[in-house]
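Reader: Hey, I've just opened this one and could use a hand. Can you walk me through it?

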Amino acid sequence: MNERYNVFTRTWWKKDKTTFGRLSPTLGRKTFLEKSVTREEALSICREYNESHEPGILSRKAEFEEV
């Protein structure tokens with residue numbers, strides 16, 4: 001049981017160009033922070049990133065996925 005995880009950030013919304021000031025739910029492109037780390041490391045990296053960065057209007061947050 002040697003699961004490995006990739007940690008990345010992405011946005012959850014995009015600005016809707018057809019209506020001023022509105023947002024549409026959309027998964028943004030993944031920007032990797034770390035690759036092939038343990039679950040504990042992934043949780044720590046996500047927690048640290050999310051506590052030290054404001055998600056902003058597009059809700060950019062760190063997440064992880066199993067490789």
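This is a predicted model: local features need pLDDT of at least 70, side-chain atom pairs count only at pLDDT 80 or more; totals for chains, interfaces and linings use all residues.

Reader: OK, where does Arg 10 lie?

Author: Arg 10 is part of strand E1, which covers residues 5–10.

Reader: Is Arg 10 buried or exposed?

Author: Buried. Its relative accessibility is 12%, and the cut-off for buried is under 20%.

Reader: And what does Arg 10 touch?

Author: Leaving out residues up to four places away in sequence, Arg 10 touches several residues, including Leu 27, Gly 28, Ser 59 and Glu 63.

Reader: Which side chain does Arg 10 meet in a salt bridge?

Author: That of Glu 63, at 2.8 Å from N to O. Arg 10 sits in strand E1 and Glu 63 in strand E5, so the pair ties together parts 53 residues apart in sequence. Glu 63 is buried, as is Arg 10.

Reader: How many salt bridges are there?

Author: Two. Lys 30 makes one with Glu 65, with the closest N and O atoms 2.7 Å apart. Lys 30 is in the loop between strand E3 (23–25) and E4, while Glu 65 is in strand E5, so this pair ties together parts 35 residues apart in sequence.

Reader: What about Lys 30, how exposed is that?

Author: Lys 30 is partly exposed, at 31% relative accessible area. Glu 65 is partly exposed too, at 27% relative accessibility.

Reader: Back to E1. Which strands does E1 pair with?

Author: E4 (residues 31–37) is antiparallel to E1, with four bridges between them. Strand E5 (residues 61–66) also runs antiparallel to E1, joined by six bridges. In those pairings, Val 7 stands opposite Glu 34 in E4, and Tyr 5 opposite Glu 66 in E5.

Reader: Which residues of E1 are on which side?

Author: Tyr 5, Val 7 and Thr 9 are on one side, with Asn 6, Phe 8 and Arg 10 on the other. Side chains in a regular strand alternate between the two faces of the sheet. Here both faces are covered, and six of the six residues in E1 are buried.

Reader: New topic: what makes up the largest nonpolar core?

Author: Seven residues: Tyr 5, Val 7, Val 37, Ala 42, Cys 46, Tyr 49 and Ala 62. E1 and helix H1 (39–52) are the elements giving two or more residues to this core. H1 supplies the largest share, with three residues.

Reader: And Tyr 5, what is that in contact with?

Author: Setting aside neighbours within four places in sequence, Tyr 5 has contacts that include Val 37, Arg 39, Ala 42, Phe 64 and Val 67.

Technical notes:
Residues are numbered from 1 along each chain as its sequence is written. Side-chain values use heavy atoms; hydrogens and water are left out. Buried means under 20% relative accessible area, exposed over 50%, partly exposed in between (1.4 Å probe, protein chains only). Contact means heavy atoms within 4.5 Å. Two strands pair if DSSP finds at least two bridges between them. A nonpolar core is a set of buried Ala, Val, Leu, Ile, Met, Phe, Trp, Tyr and Cys residues joined through side-chain atoms within 4.5 Å. A salt bridge is a side-chain nitrogen of Lys or Arg within 4 Å of a carboxyl oxygen of Asp or Glu.
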